[in-house]
Each structure stands twice: as structure tokens, then as C-alpha cells.
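Below is a short briefing on one protein model. Keep the sequence and the 3D view open while reading.

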Amino acid sequence: MTTPVKTPKKLIEVALPLDDINEAAAREKSIRHGHPSTLHLWWARRPLAAARAVIFAQMVNDPGYERALGRGVNKERARVERERLFDILRRLVQWENSGNEALLNEAHEEIRRSWRETCELNRNHPNASELFDPETLPPLHDPFAGGGAIPIEAQRLGLESFASDLNPVAVLLNKAMIEIPPRFANRAPIGPIPAIEKQARLADDWRGAQGLAEDVRRYGAWVRDEAFKRVGHLYPPASLPASHGGGVGTVIAWLWARTVRSPNPVFAHVHVPLVSTFILSSKANKDTYLVPVIEGDQYRFEVHTGRPPAEAENGTKVSRGSFRCLLSDTPIKYEYVDAEANAGRVGFRLLAVVADGPKGRVFLTPTPQMESIATSVEPIWKPETACRGTFASNAQGRIYGFKVFGDYFTTRQLTALTVLSDLAQETRSKVKDDAASAGWLDDSESLDAGGSGVTAYADAIATYLGLAVSRSTNTINAMAVWSQSREQSVNLFSRQGIPMSWDFPEVNPFAGAAGDFALTTRSMAKSIETASARPGHATQADAQSQEISRRKVVSTDPPYYDNIGYADLSDFFYVWLRRALRPIYPGLFATMSVPKTEELVATPYRHGGKSAAERFFLDGMTEAMRRLAEQAHPAFPTTIYYAFKQSDTSEAGTSNTGWETFLAAVLKAGFAISGTWPLRTERPTGMKVGKNALASSIVLVCRKREADAPTVSRREFLRELKEELAEAIPVMIGGAEGVSPVAPVDLAQAVIGPGMAVFSKYEAVLEADGSPMTVHTALTLINKALTEGGDDFDADTQFCLAWFDEMNWGGGDFGKADVLARAKGTSVDGLRDAGVLVATAGKVRLLKPSEYPEAWSPELDSRTPVWEALHQLIRALQTDGESAAGELLARMPEVAESVRSLGYRLFTLCERKGATDDAFGYNALVTSWLGIEAASHATGRVGTQTSLDI
């Protein structure tokens, strides 16, 4: 029999300062300079703040853990100690503290202290020497490393970090962030100082990855200059008109439109443009637009300034499914464009040129020579890898001629990118020469083989330059779009797919603006500077067969069912990375494209249909999770992220096929769920969205289920579920020991934790017919338990709840209301006297918050239902803010707890019914509760303290 490990509860299994974590995670989305995300694009990255908080809380013992081990604990002392840990967490998640060594060391020491406590508890365990060495912290592994947020933060917190992924692009990104920088830490740069700079940085600045970052910047500038020598003639300056100072200006971008033969037989010999808009700039006082000039069967474009005519807004586009022929107004259907494109008959027409003038951006009418220079070049290489599955407009089966990845670029772009790619390799020789001149010794061992000498350093610099070429393709392509409001190019991957772009900017990679190679490597260098000097390892491995997790702490962010096709999207970058870096990483870039067969996403076109794709995902994710359950270090819970979309919550609760399938895989693999934490990792895009938006991720906290877990009946499960939620929900909505309460919008997600903890600790929950209960049924029952109840409210409020559930704010028959009122122990007349409804002409309806009287005084009201108190507070909050609501609450402190509980209850009810506006009001009240309560105490009429007080 296996000796059990004594496992103190970790902080993440008890409480978290969610508001602080969520605020920092959302704020991080707007941070660019120095952020690891600027190294290279990856889709759906987890915020570093969230990853850092989760790892810390996953490894630190909760101060009250003695209770879990059967020992008593002083609750007040535990509360104080827990608040101390929260204080560390609150400081840790701030972006400004990412490089705060003192704070990181403080957090690291807390992790070590908890680890020593755990080792002491298990010092008599038979495998203590292997599992519980108090001097060595267990490493952390992320088997779905992706963009690398979790491995980066594990390293930052002082852990040895392991990252693995099936996708070679993800593996390379993790190598660049956690594996390469520690290998070359504390070394001075050796690269040539760019000619435009007068002197090098001071030599005492090269701590950590500073020297490596500086060399990436220096060699990036060298590559840019060498590339300009070879292809700079393809990007000539433009002559500026006298009105803009005359002379010449650097071209920022050439604006192009795709063209097709006119479907009108009279003009079939003419290629006409597909232009989504003629507006070039919509900046204040800088309105600029195109005017087409038609001369017989020819046309050209002139640039005009001033207020554009209304017809300029849509260019030649007349609807979502068609354009118009500029010469004849004949409709040009998308189907026609698709057929022409697939037959190779799409052309390009230069619309305008954007140049740098003495007073800012200048839009110029193009010349035939400008167009000729761009279209006459013949590239020496083109990515011929098929691009199926990448193009976002495939829903209608149209591909518009995009058959290989090379089709996403103009010939001039292909030429420039190929030269830059070749130079990334050529730089290796220069780095070796420069290193020899600096006195470095060469052991001839490559980076891929684990070297750290001259050869490996040359490989490392080339790796970052290859990544810079790949990153540049996000800007230098023929599918980007022009932003009229910002007067700049918008990257291709503004979403997780490649949408069709009819007109596009071709940026100048030597213009000192977006797309300039030197600027790209300079930006990348800032993110490299922040890298840790602690060891890190990045490996290509399939999560379904990897053995890396053994005896490691595991935190991971798996693929989300069918949300993102990482492998298909990654091919866009892979084809360029393979060309530049295959000599350095022959194994990583052995295949022509990113491996897809084993990728754990439910992609119907790969598996022959939706149901087959779902089975593939369930089976594969179950196997991946099973390996984690078996291999992860037994002293720590495993944390698993799952992303949510707003559509995932419906009348049935927080649920969808992907979520249910994922949960089923986790449970089938042998995990029991001990907690769920809703994380808000997205920036709000509006008042209602920001206040009332669903959390964008759930973090599952899991431990391996006991091998001898029993089965229970549905009735026993429901009884235990009711008991568990009766204890858990008041803690969630009331806050605990200095922690802000869970927002109403997150409650349905948060309550999954304690609910699934009951469900998942059993081998199975059996239905009446003996069949095992499904995850879908369990989630439905958990949601139902959340929305039921209300018997603790006064009779008037119970009537209002039931009436609102059926009628909302609409009127209903008096007779029906009378029957319901009697059943609830009240009367319609009494409810009318209480001031919560109106009853006229045989109809009864509830008053809306805006209809409640402003002069209401709770001290003089002889009948104050909780329903009335709640809606009076909402009225005060919406009209005059937190201070007015607080003043009103101070006059009726005895109903505070009931009001807040009713607010949660009504929010959940409105969400289920799709009453968004009403839900917003209830959510706003509860999320403002701390401020309202603080305002109530400030009035001097302090009533009963609630558990929200800090």
C-alpha cells in the first residue's frame, strides 16, 4: 500500500485577493515596452500577473493548513498571516515590480519556507529522500507552454523552469525567453556599435541578460544596414510637393488595392480595383481621401484633403458580398472574385503613397514609376507550404487564391524578407569573428547541443534575428490593413485568424517606423533584458506522451477545445523561421510545417466531422491530464487554465461543449477539483462590458483523486452539494478575511469549484438507473443550486422574487398575484402599501428602481421589505453615487447582509433570463459594496459591521 503524502492546503485552495490580481492582469494588456509578448506574437497569452500569482499561491502553504492535517489553529493568527501573504501577492502582480529583486526574493523565501514545512511533515515518508529534499525546491513544468507566460514567471519566482510544447514555434519562443538568456548571463556585448550612435553603453550595465539584449539590438541594426545595401533601391524616397516643403521624404507605406477583370463585357479588358474605403486619414484636421478619375476605359486616383464626400466611405464596396466596377457600376460578387483569384487573375493597383514630411505624414498621388519598381522585382524564394485552415474567410469555402503561404506577400516583400532571413544566418560568422576579437574561447559546441561558448552565442544571436524576421512578417505582408485614425499599418494578426484584406499597406522596412527591422530588434531587446538568470529548459514534446512532469509542480494553459487553431496559424511564421534557423535547430524544424495530427484541438476538417473532433479532443486531453495526475509532485495541487467566452454562460449555467468536454477529460484522468478561480485578463471595452463582463479565464485547482474513491447516489450528491454550497457561497459573496467578494458576474464560475469538488471526489455519482452522472448534468445541478433558495427573505421579498422571475417588470393579472401573495404569506394590498408594486385596473407590476421615491426614509417606514431596500439603494447609487447609497445604508444597517445576498440572487436570475440591463444594475451595486459600506460608516451612523470590513 502506498504511503500517503501529507499535503498542507496551499493558499490557492483557500483564498486569493482576486480583485488585485484581476486589475493587474487587465492593466498588463496595455503594456508593451519590455513585455515578453513583444518578443514575438503568440495567441491568447496568459497575463504574467495572473501566472505569477497562481504559481506563488500554488506553492505557499495556507496559514490555516493545520486544520487540514487534523490540528487546531488560531483563526485570528491565521487571518493575519494570510493577509501578510496577500500583501506580497498584491505587490507581486504589479507590472512595475516585475524586476524588483528584493520583492522576488521575499516571495522566493516564502515558497522555500512553505517547502521546508512540507518536507518536515513528510520526513518519515519512505520516499522522503527523493520527494522531500528541504534544500532543493521542486522545478515547475508547463506541458502546454505556448507563449511562455507560466515558465517565465516560474523562473522569475526562483524555480527551475521547464517548458514543453508540440508546436516548434512555441518551443523556440520559450527557448528565447527562459533557456538562452541564463546561458549567457552577465556577459558584456561584443557587437558593432551602430554607426549612428556615438558610443557604447557603460560597461557596468551588463548584469543578467543586459549584454545579450544589447547584442541583439546591435546585430539587428547591422542586419538592417546590410539589407538596405542589397534591396534598399526597391524602397526609394518620394518627391514632396511644394505645399509640404518640397524635396524628398522617406516613404512609410505604399497603399495598394487588389484588382480583378471587370465582369462587364465592355470593360473585360480592364482590371478594376476592390477598395473597401477611399478614406486615407480621419485624424482631426487631417482628413484625406482618394478621388477616382475616370477617362474612358482608364482610371487613376488623386489624393484630396478636406471633408470627404459620403460616397468615399465605402470605396468600391457596395455590400458585405460585393463590390462595384469603377467604370460601369456592374456588381462584382465575392464568388466572381474568388474564381478570378483561384485562376491567378488577380492584380494590384497602387492607390496612394504615405511619406514622412516636415510636418508629419503626407499622402501623395502615386506615379507609374512607383508602381513599376514594386512589381518588377522577382523574388529568389517563396514559401510554398500549403496554407489550408489559416484563412479566416473559409466559412464560405472561398480562398481567393491563397494556396501557399507565399501568396500572402507581394514580390517586393518576399525579396526583402528573404534577404533579411539569409542575413540572420550570415550574422553567425560575424558574431564568431567579433567574439574571437573580444577574447572569447570557442569550444565549437552548438547552442542546440547545450553549448555556451562562441559557436553557441553565434547561434543564439541568429535565433533572435530569425525571430525578428518572423515577427516582421506580421507587419510586412499583403493582408495587413491601414488605420485611417492612426495613419499607420495594423498588424495582420489582430485576431486569431487571417481575415481578407482587399486593400493593404506595404510598409517600408527601412523607414524608421512600424516594420523597420532595427526598430523590431530594439523592441525585442527590451523584452530580453527582463529575462531571468535562473536555469530554464524548453523542449518539443507531445503532452500525451511526455515524461517531463515527473516530480515537478505543474501549472499549464492547455488549448481550448476549438477556439484557436495554433498549428495552422503558426505555419505563417514557421515557414520563415525554418528558412532562417533550420541549420541551428535541425530537429525542431525537421518537418515542412507545424505538426498537426497530434495537436489537441477539436478541428472538424482534420477528423472528419464535429463529433469525431470532439472524441479526439476528449481522448487526447484525458491522456494528457492522466500523465499530469500521475507524474505531478504529490505535495502540490496542479493548476490548469481554461478560457471562457461570454457565450459560455446561458440559462443552463456556465457551460458549453468545450468546457464540459475539457472538465470531463480532467476528471476522467483521475483529478479531483478542489477550487476554481475566475480571472479577468482582458481590458474592458465599455462601461457595461467592463462592469458586467464574464471573467475571461478559470483556473482549476486539482489534486489526484484517491485511488479508493467511492461511488454515491444522485440523492447523496445533491445533499452534500447543498451543504457545501450553503457554506461556500456566503463566503464568496461576503468576502473572507480581507479579500474582496466574488463579483456577481463571476459567481456562477466561482461556484463551480466547491460544486465540482463534491462531484469529482467520487469515482462516480450514480443516477437512479445506475448510469454515471455526466459533467453536463453536474454543472446544471450546481447552477440550479445557486439560483434556488430565498426562503430566508421576508414574505414580501419572496413574493417579489417569484413575480419578477415570471413577469420581470411587466404587468400580470391581479388574481394571479393575489394567489401568489397568499402562498408567500402576504397580500397584494400589503405589498402596495410597502411601496414595491402598483396595482391598477386589474393588473399588478413591480416598481423599477427609477420609480422609487427619492424622499424615502427607512426610519419612518413601518414596512421595509429587503426588496424595497435593495432597489432604493440601486436608485441612490445610479443617481448620486456611492456616497448617497452609503448614507442610505447607514440608516438601515440591519438589512445590509440580506440586501447584498438578494443582489447576487437577482443578478444570477437576470443573467439566466438574458436581462442584461437589469443584471448590470445588480452587479454594479454589489461590486460597489465596499465603497458603499465605507461611505455608510463615514456618515457617523455606523451600524453592524459586516464580514466585508477590512
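Which residues of helix H16 are buried? They are Ala612, Ala613, Phe617, Gly620, Met621, Thr622, Ala624, Met625, Arg627, Leu628, Ala629 and Gln631. The model is a predicted one.

**Helix H16**

- Helix H16 covers residues 610–631, which makes 22 residues.
- From its first C-alpha to its last, H16 reaches 31 Å, close to the 32 Å expected at 1.5 Å a residue.
- Several elements cover the buried residues of H16, and the helices among them include H15 (604–607) and H17 (657–668).
- The cover also includes strands, namely E19 (553–556), E20 (638–643), E23 (671–679) and E24 (697–704).
- Arginine 626 and glutamate 630 both belong to H16 and are four residues apart, so about one helical turn separates them.
- The side chains of arginine 626 and glutamate 630 form a salt bridge, with an N to O distance of 2.8 Å.
- Arginine 626 has a relative accessible area of 27% and is therefore partly exposed.
- Glutamate 630 is also counted as partly exposed, because its relative accessibility is 45%.

**Other salt bridges**

- The structure as a whole holds 60 salt bridges.
- In helix H24, arginine 822 and aspartate 818 are four residues apart, which means that about one helical turn lies between them.
- The side chains of arginine 822 and aspartate 818 meet in a salt bridge at 3.0 Å, N to O.
- Some salt bridges share partners, and in this way Glu547, Arg550, Glu623, Arg626, Arg627 and Glu630 are joined into one network.
- Arginine 822 is exposed because its relative accessible area is 61%, and the cut-off for exposed is over 50%.
- A salt bridge also forms between glutamate 806 and lysine 816, whose closest N and O atoms are 2.3 Å apart.
- This pair links distant parts of the chain, ten residues apart: glutamate 806 is in helix H23 (residues 795–807) and lysine 816 is in helix H24 (residues 814–823).
- Glutamate 806 is partly exposed, with a relative accessible area of 47%, and lysine 816 is partly exposed at 39% relative accessibility.

**Cavities**

- Rolling a probe the size of a water molecule over the atoms shows where empty space is left.
- How many cavities of 30 Å³ or more does a search of the whole structure find? The search finds five.
- The largest cavity has a volume of about 350 Å³.
- The lining of the largest cavity is made up of 29 residues.
- Phe144, Gly146, Asp165, Pro559 and Tyr566 are the lining residues that lie nearest the centre of the largest cavity.
- Sorted by class, this lining has 17 nonpolar, four polar and eight charged residues.

- Glycine 34 sits in the loop between helix H1 (18–28) and helix H2 (48–59).
- Is glycine 34 buried or exposed? Glycine 34 counts as buried because its relative accessibility is 8%, and buried means under 20%.
- Leaving aside residues up to four places away in sequence, glycine 34 touches Trp95, Lys526, Ser527 and Thr530.
- Proline 143 is 109 residues from glycine 34 along the chain, and the C-alpha atoms of the two are separated by 25 Å.
- Alanine 268 lies in the loop between strand E5 (251–261) and strand E6 (271–274).
- The relative accessible area of alanine 268 is 32%, so this residue is partly exposed.
- Alanine 268 touches Arg261 and Ser262, when residues up to four places away in sequence are not counted.

**Positive phi angles**

- Most residues other than glycine have a negative phi.
- Aspartate 329 is not a glycine, yet it has a positive phi of about 65°.
- Aspartate 329 lies in the loop between strand E11 (322–324) and strand E12 (331–333).
- With a relative accessible area of 51%, aspartate 329 is exposed.
- Asparagine 808, which is not a glycine either, has a positive phi of about 55°.
- Asparagine 808 is found in the loop between H23 and strand E27 (812–813).
- Asparagine 808 counts as partly exposed, at 23% relative accessibility.

Definitions and conventions:
Residues are numbered from 1 along each chain as its sequence is written. This is a predicted model: local features need pLDDT of at least 70, side-chain atom pairs count only at pLDDT 80 or more; totals for chains, interfaces and linings use all residues. Side-chain values use heavy atoms; hydrogens and water are left out. On a 1 Å grid over the protein atoms alone, a cavity is a set of points where a 1.4 Å probe fits but cannot get out, and a pocket is an open set with protein on both sides within 12 Å along at least five of seven lines; lining residues have an atom within 4 Å of a point. Grid points are joined across faces, edges and corners, and a volume is the space filled by probe spheres set on the points. Ala, Val, Leu, Ile, Met, Phe, Trp, Tyr, Cys and Pro count as nonpolar, Asp, Glu, Lys and Arg as charged, and the others, Gly among them, as polar. Helices (H or I, at least four residues) and strands (E, at least two) are DSSP runs, numbered from the N terminus. Buried means under 20% relative accessible area, exposed over 50%, partly exposed in between (1.4 Å probe, protein chains only). Contact means heavy atoms within 4.5 Å. The expected span of a helix is 1.5 Å times one less than its number of residues. A salt bridge is a side-chain nitrogen of Lys or Arg within 4 Å of a carboxyl oxygen of Asp or Glu.
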